[in-house]
Amino acid sequence: MEQLFYYLKVSWFSIKRAPLPYMLTVLILSLGLGVFFSNATFYYRMNSDPLPDKSDKLFFPMLMLVPYQCSDCKPPPVLSYSNVAKLDVSTIPSAKAAMYSADGYLRQHAAQPPTPVTVRITQRDFFSMFDVPLLHGTIWADNQARDELLLSKATAEKILGRTDVVGQQLLLDDRLFTIIGVLDDWQMLPKLYDAYNRQYLNPVEDVYLPLESGYDYNYLSSTNSSTFDDADFRKLATDGRNKALHQLQYWVQLDTPAQQQAYRQFMANLVTDEKAAGRHPSAEANQLVMLRDIVRYFGGESADIKAFAIVTLLFLLVSVFNASHLSLNRYLSNQYEFSLRRALGANRSQLQMQLLVDMGLMSTFTLAGAAVIAYGCTKLMNSLWPANHLFAGWDVQLMLALAVLTLFCSYLVTLYPSLRASFGSLNKQLKE
Amino acid sequence: MPLHLLFKSLQRRKVVTTLLLVQLAMTFALLLNSILLAQQTRQQLQQSTGLPLQQTLQVQLKPTTIALRQYPALGDLLTRQLEAIRTVPGVVAVAYSNQGPLLQGGNNGNVEDPDREELSRANAVPLYTVSADFFNVLQLQVLAGELPQHEIAVDGVAKSPVVITQSLANKVFDDKPAVGRLVNRGPVAAVVADFYGQRWAGTVNYNSIQVAPLLGVDWGYSLLIRTTSDSTTKVRQALTQVLQQVDSNIEIFYIRTLAEQQQLLYSNEFGLASLLSLLSALMLLVSMISSYSNAYFHTLKHQQEIGIKRALGASKGRIFTELLSENWLTTALGAVAGVGCALVLNQVLAQVISIPSLNWWLPLLTCTVLLLCVTVATWYPATIATRISPATATKAL
């Protein structure tokens with residue numbers, strides 16, 4: 001320990017002798033690491049798997065069951081109610097749920113000002129498929145229409161001031177609904193069950209309503225809906241159920257490869273039967289997309305973050321080169337001192353130990369600087385790309401990664417100078 | 001100083017020079033691509049929209065009760081809102097629309113000539129349902145036909161007349177006159193000048209407009225207001241209160257000028273260009289620090305050599321130029337390598353974002369910027385070198 005303090009003392013003296021080059025080295029390395037880390041945070045979190053145990057078991061089936069002919073089209077990214085009904089016949093999936101999102105206004109009573117809320121209109125298996133935690137109450141007994149809803153914990157607290165509110169009634173768009181459940185804290189990031197059109201960047205919804213009630217009460221999709229015939233958007237209860245009005249996402253849980261293969265075959269048979277019955281003219285273009293691949297399938301990956309990742313990596317490299325350059329100059333300036341120590345009997349391992357302590361000290365300063373710069377850079381990125389703000393959070397894993405990266409970069413920066421100082425010709429170094 | 005001697009001088013510091021060259025090449029590559037991206041974003045923001053951007057306000061709003069989202073209450077609400085806004089001093093014209101212009105995406109559909117469906121089809125054309133003053137608010141020039149003066153329901157027995165933009169008319173009717181012809185949405189009543197509709201649409205200037213009551217406002221609707229050029233701010237400040245007084249059962253999502261709306265349309269590109277510019281500035285700073293440190297260290301290490309040169313008759317100016325020349329040579333070599341790096345980076349970036357390819361004059365401009373920065377950075381160490389006395393040479397003896 002005494003020896004360590006000695007090394008630290010020597011390092012400190014060395015820094016004090018020429019503080020500016022040292023500060024510049026630390027600053028440049030901190031800049032490179034900070035900028036790289038802030039973007040890496042977004043990149044890492046946007047590409048993280050919110051359901052690592054299930055993401056290879058949940059699938060989004062898409063069919064080309066549309067009343068127009070297209071030979072090389074992808075199937076629509078959302079399904080019609082009637083197409084979902086045809087898929088729903090299958091008993092192969094362990095769980096299945098159709099869903100879409102809508103907007104609404106929630107209040108306790110007519111005299112209260114309305115609170116805008118996002119509504120997920122779905123079926124009961126949604127909660128088990130996406131591991132949605134329940135704090136109070138229960139979910140719907142079946143998939144029938146009912147005037148019952150579930151609230152997120154934050155919404156219950158915001159509207160009613162507490163979470164134990166099961167059985168109470170609320171007005172959602174002037175219709176009376178009974179609260180049957182309140183969710184626990186839950187934020188699925190990225191929100192992969194709603195990936196089209198970059199919706200996966202948004203937070204999960206405030207209110208959960210049965211799918212059939214959503215159609216009965218004419219809740220239109222707030223994200224993506226399209227018609228391929230003369231369906232009227234204002235008549236969801238009738239046209240929405242019978243015509244080619246597409247607005248539903250549909251997820252199935254297929255636990256084994258055998259189930260997945262069977263479901264693919266089921267989809268193929270369905271399309272063939274429908275075509276034979278003259279209900280659609282297009283060739284089969286079925287898709288069964290895994291949850292973890294859904295963003296890529298819809299082409300929704302964040303190009304800006306990706307482009308900036310390339311550039312920040314380049315910047316980190318430049319910073320490492322620059323810091324190495326400065327570090328080399330610093331060591332060359334101190335070379336006489338190193339050589340003198342070698343001449344007076346210090347062996348190479350002792351010098352290497354001294355340089356390792358130097359590196360440790362530099363890593364500490366750099367880590368602190370990088371964290372500050374990364375924080376500022378994250379704030380800046382949030383203000384320039386506000387849509388990504390949910391992905392700005394740091395966790396222990398990310399901080400550890402930054403620390404390891406800082407150590408590695410500091411090691412790279414001091415590696416060549418230390419080798420040159422320890423292994424150069426002593427005579428030559430003393431003469432210089 | 002002859003070029004080969006400069007090369008020789010650089011060769012004496014192989015590692016340091018190599019590190020500097022790599023940095024300069026990468027800085028050059030990033031700087032060049034940042035300029036390209038910034039240039040592209042600027043062009044996007046400056047492209048003609050065909051709209052009065054500064055003095056047009058867009059209010060996006062939605063009734064908070066179901067009753068107000070349906071006729072007849074909705075019709076009454078719209079009439080009252082339009083009347084109230086017209087009384088605000090500085091308002092020239094006001095209209096409602098199911099959606100505003102200058103959006104990423106929105107309500108759109110196919111427009112085609114029913115007689116030549118496949119050949120004439122324009123996909124994903126923004127479909128506007130508006131009040132008659134829409135054309136006046138956006139100052140859209142009528143190129144042919146007459147604008148509809150009364151609202152006719154889109155889903156009525158008689159089809160509501162359609163107004164289309166010039167580029168859409170040319171696409172659907174193959175550059176032939178469109179007025180009086182039929183598209184799948186109704187008979188064409190007029191053709192108006194192009195304006196920017198939706199970014200994700202097939203072509204940004206394709207637009208189809210029908211003067212009709214709003215079908216429904218579950219997705220909200222827009223009020224478009226043109227003001228006199230000096231009263232936009234005042235009108236904007238008054239709008240929330242005016243609309244709340246008409247009916248408080250509404251949610252106002254935003255009030256923006258169309259200029260702000262256009263900025264938002266390219267906010268992602270603007271964000272990336274800003275970040276790259278900031279990063280380029282940092283890289284230039286880092287390169288300047290490197291050049292400074294390199295020149296300063298070189299001066300300190302070679303004081304005796306410089307002293308000897310001075311003793312042998314080299315002027316201060318020559319020493320100064322010599323040191324600068326060394327850095328200029330390094331920068332020039334870095335720029336040559338940087339062109340290759342810039343090409344690679346451009347190709348890599350083009351795989352993820354839309355970025356123009358390199359042109360011939362941009363590398364020259366970037367090289368000039370880099371040379372300027374390096375010159376500024378080495379100026380002080382070069383000045384120090386000129387202060388070295390010829391007497392320093394005697395210390396070597």
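**Helix packing and burial in a predicted model**

Leu119(B) is exposed, at a relative accessible area of 68%. The model is predicted.

Q: In which helix of chain B does Leu119(B) have its place?
A: The residue is exposed, since its relative accessible area of 68% is over the 50% cut-off. Its place is in a helix spanning residues 117–120 of chain B. That helix is H4.

Q: How far apart in space are Leu119(B) and Ala144(B)?
A: Along the sequence, 25 residues separate Leu119(B) and Ala144(B). In space the distance is taken C-alpha to C-alpha. It comes to 23 Å.

Q: Is Gln44(B) buried or exposed?
A: Gln44(B) sits in helix H2 of chain B. Its relative accessible area is 16%. Buried means under 20%, so Gln44(B) is buried.

Q: Which residues does Gln44(B) touch, not counting residues up to four places away in sequence?
A: Gln44(B) belongs to helix H2 of chain B. With sequence neighbours up to four places away left out, its contacts are Arg199(B), Gln262(B), Tyr266(B) and Glu269(B).

Q: How many residues in the contact of H2(B) with H12(B) are nonpolar?
A: H2(B) contributes residues including Leu24(B), Phe28(B) and Gln39(B). H12(B) contributes residues including Trp361(B), Pro363(B) and Val374(B). By class, the contact has no charged residues, three polar ones and 13 nonpolar.

Q: What is the handedness of the crossing of H2(B) and H11(B)?
A: The axes of H2(B) and H11(B) are 6 Å apart, and the helices pack at about 50°. That makes H2(B) oblique to H11(B). The crossing is right-handed.

Q: How many polar residues does the contact of H2(B) with H11(B) have?
A: H2(B) and H11(B) pack with their axes 6 Å apart. Their contact residues include 17 nonpolar and no charged. The polar residues number seven.

Q: How many charged residues does the contact of H10(B) with H11(B) have?
A: H10 (residues 303–311) and H11 (residues 316–350) of chain B cross at roughly 140°, their axes coming within 10 Å. Ile306(B), Lys309(B) and Arg310(B) of H10(B) meet Lys316(B), Ile319(B) and Glu322(B) of H11(B). Ile counts as nonpolar, and Lys, Arg and Glu as charged, so the classes come out as two nonpolar, no polar and, for charged, four.

Q: What is the radius of gyration of chain A?
A: Chain A has 14 helices and 12 strands. For its 432 residues the globule rule gives 22 Å. Chain A is well over that, so it is more spread out than a compact globule; its radius of gyration is 30 Å.

Q: What box do the C-alpha atoms of chain A fill?
A: The box is taken along the principal axes. Buried residues make up 53% of chain A. The box is roughly 95 × 55 × 35 Å.

Key: Residues numbered from 1 in each chain as written. Chains lettered and ligands numbered in written order. Predicted model: local features only at pLDDT ≥ 70, side-chain atom pairs only at ≥ 80, totals over all residues. Heavy atoms only, no water. Contact = heavy atoms within 4.5 Å. Helix = DSSP H or I, 4+ residues; strand = E, 2+ residues; numbered from the N terminus. Rg over C-alpha atoms; globule rule 2.2 N^0.38 Å. Buried < 20%, exposed > 50% of the residue type's maximum accessible area, 1.4 Å probe, protein only. Axes fitted to C-alpha atoms, helices over the stretch in contact; angles between N-to-C directions. Parallel < 35°, antiparallel > 145°, perpendicular 65-115°, else oblique. Left-handed = near helix turned anticlockwise from the far one by under 90°.
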